[in-house]
Amino acid sequence: PPGGGALLLLSRKGAARGQVLSVPLSTPTLAQAKTLVPESPAVLQRLLVTRSRLYTLELSGGMSQIRSFDLSGPARALPAVPVRPVSAVRQLVRLSGDDLLFDSQSYTEPQSWLHYSPGARTAVRRTALSVPPRVDFRDVELVRLLVPSRDGAKIPLNIMLRRGTKLDGQNPLVLTGYGGFGYSVLPGFSPTRRVWLDQGGIYAVANLRGGGEFGEEWHKAGMLTRKQNVFDDFLA
């Protein structure tokens, strides 16, 4: 923060999905730590401090989000960084002032590096550090659902299909998913899916329990004696 008076830490003690602590450098002990950003429903993954802001990269049900906090005075939440719907962000890079770069990809758009500049007329701009799309997915619709499992748990499901596809139960469908070791299945671009969709196929990805999409509780709900939840989620 301004003045260099504190160290910011990502802590999971008593907050399985993560919280941000502030430790004064004058007395750098955890006993003096104060909660700067409390635990939220999203999983805290990375922190980035700029001139007067704190950016937090978070995972919510398999989708990335970036929140912003003002550090010029008492920490307060600012408008979130606009990211692509149902997309994955893995890296944040500090630029001058409060600007930042972040990489982004989705099921329908390849990886790009985007420049975020708070207060600019166009807050997010695509940079030259982007992969030119080799395949056009503009006619593809992405549907995101929360499907109740056998015990009522809501399982995120992402479905790709061409717009106008007749949903009469006759379309071939590939459903994939993973639930284990706290590993999260994030949105990713694959040009070969274009061939499947052009044949009338539908492609779906389920974020099953056992992964890390909602934090450690979600992971533990699909491991050891609760492993059956993973298979129930996929069948649901």
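Guide: Two strands pair if DSSP finds at least two bridges between them. Strands (E, at least two residues) and helices (H or I, at least four) are DSSP runs, numbered from the N terminus. This is a predicted model: local features need pLDDT of at least 70, side-chain atom pairs count only at pLDDT 80 or more, and totals for chains, interfaces and linings use all residues. Residues are numbered from 1 along each chain as its sequence is written, and side-chain values use heavy atoms, with hydrogens and water left out.

Visitor: How many bridges join β4 to strand β5?

Guide: Six, and the two strands run antiparallel; β5 covers residues 53-60. Leu-54 in β5 has Val-49 opposite.

Visitor: What order do the strands take in that open sheet?

Guide: The order is β4-β5-β6-β7, four strands with antiparallel pairing. At the edges are β4 (43-49) and β7 (76-81), each of which pairs on one side only.

Visitor: Changing topic, what is the secondary structure of the whole chain?

Guide: The chain has three helices and 16 strands. Its C-alpha atoms fill a box of roughly 65 × 50 × 20 Å along the principal axes.

Visitor: And what share of the residues counts as buried?

Guide: Of the 236 residues, 44% are buried, meaning under 20% relative accessible area (1.4 Å probe, protein chains only).

Visitor: Which contacts join residues at least 24 apart, and how many?

Guide: Among contacts (heavy atoms within 4.5 Å) between residues at least 6 apart in sequence, 48% join residues at least 24 apart.

Definitions and conventions: Buried means under 20% relative accessible area, exposed over 50%, partly exposed in between (1.4 Å probe, protein chains only).
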